[in-house]
Amino acid sequence: MRITIERSNLLKSLNHVHRVVERRNTIPILSNILLRADGQNLDMKATDLDLEVTEATPANVEQAGATTVPAHLLYDIVRKLPDGSEVLLATSTDGGSMTVQSGRSKFSLQCLPESDFPDLTAGTFSHTFKLKATDLKMLIDRTQFAISTEETRYYLNGIFFHTIESKGELKLRAVATDGHRLARADVDAPSGSEGMPGIIIPRKTVGELQKLVDVPDAIVTVEVSDAKIRLSIGSIVMTSKLIDGTFPDYQRVIPTNNDKEMRVDCTSFAQAVDRVSTISSERGRAVKLALSDGQLLLTVNNPDSGSATEEVAVGYDTDAMEIGFNAKYLLDITAQLSGDEAIFLLADAGSPTLIRDTAGDDALYVLMPMRV
């Protein structure tokens, strides 16, 4: 294999692909990235056996061929080469090493044979549809923070995507929960998604996907089966295994009879929560909300270091009540709201609270209270 390629093109593609590769691997080939030069393209592929990303980038191919080289090492080398430079990639005659040359810099990397590189065979997909990258990004951004990190409840370690009828319209819905909070977001269901199986996309795939859908005006082709999902964005193709488990019936925890409404300016509320929680301990991050007519008093007590209070003006004209929440969870949710105001629908100190945005996007949040 012998090719020349612009550094910027090579770096951009490596940036998308190399992140899949784990830093520590017991299987040497999984530390490598597959490079295949053919026609006028260099194809790159990386995998961790659960997630696979491929990307094609234009290159001047003098001699076609394929090999695998250490992913993070190649990325670091290309990253440190000067802007605007051309990079020569050439394998040795025995295929045991690859030269990376640019200007006066020359590196030799150990190769492993292409035949050893695993292929995450996709199988057949039952449903295919197209989605705006902005819609997919919104679904991920609004829900990702609520993904559970508790490995024992593995079925909560991702975002649950499914289609559902809501107010007479078919929606594509994303849901994530860790048992303490729940995030739900909807977009109009694209044509072809009707009747798709409910799927749980793993946390790592969600994180990589979030970086790839940052392209405005892009269209994502989504292919789904019971076990895998494949997403194509331009020249990038991501294939991932899905979490094999049953997502809980999240509808049961979304309250429908919360009759106490509080409206609060999102920015001033978040800043006040952030200020008073400065005094809270890492162990107990509880903040108490005391509601009375038009007024909200935030209180944090830490036996080791003291206490803090702050008053915030709110729209509230029902019975006075007190309720406690985890300050970090409150800040995570308010960070997702794009409207000027947050709407809190409360029942009592022991029941889940519903939080909505005034911006009109189809997202809602449920937060379990804490004892304070």
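User: How many salt bridges does a search of the whole structure find?
Analyst: The structure is a predicted model. A salt bridge here needs a side-chain nitrogen of Lys or Arg within 4 Å of a carboxyl oxygen of Asp or Glu. Searched as a whole, the structure gives a count of 26.

User: Are Asp178 and Arg181 buried or exposed?
Analyst: The side chains of Asp178 and Arg181 meet in a salt bridge, with 2.9 Å from N to O. To count as buried, a residue must have under 20% relative accessible area. Asp178 and Arg181 are both buried.

User: Which strands hold Glu341 and Arg263?
Analyst: Glu341 forms a salt bridge with Arg263, and their closest N and O atoms are 3.1 Å apart. This pair links distant parts of the chain, 78 residues apart, with Glu341 in strand 23 and Arg263 in strand 18.

User: Why does Arg263 count as partly exposed?
Analyst: Partly exposed covers the range between the buried limit, under 20%, and the exposed limit, over 50%. Glu341, the salt-bridge partner of Arg263, is partly exposed with a relative accessible area of 29%. Arg263 counts as partly exposed because its relative accessibility is 32%.

User: What separates Asp332 and Lys328 in helix 6?
Analyst: The side chains of Asp332 and Lys328 meet in a salt bridge, 2.9 Å from N to O. Both residues lie in helix 6 (residues 327–334), 4 residues apart, so the separation is about one helical turn.

User: Which residues do salt bridges that share partners join into one network?
Analyst: Salt bridges can be linked through shared partners. The network formed in this way consists of Glu169, Lys171, Asp188 and Asp362.

User: How many residues of strand 2 are buried?
Analyst: Strand 2 spans residues 32–38 and is mostly covered. Of its 7 residues, the number buried is 5.

User: Which residue in strand 6 stands opposite Asn32?
Analyst: Strand 2 pairs with strand 6 (residues 65–70) in the antiparallel sense, over 6 bridges. Opposite Asn32 stands Pro70.

User: What is the phi of Gly39 in the turn between strand 2 and strand 3?
Analyst: Strand 2 and strand 3 (residues 41–47) pair in the antiparallel sense over 5 bridges, and Leu35 stands opposite Met44 in strand 3. The two strands form a hairpin with 2 residues between them. Gly39 in the turn has a positive phi of about 65 degrees.

Note on methods: Residues numbered from 1 in each chain as written. Predicted model: local features only at pLDDT ≥ 70, side-chain atom pairs only at ≥ 80, totals over all residues. Heavy atoms only, no water. Buried < 20%, exposed > 50% of the residue type's maximum accessible area, 1.4 Å probe, protein only. Pairing = 2+ DSSP bridges.
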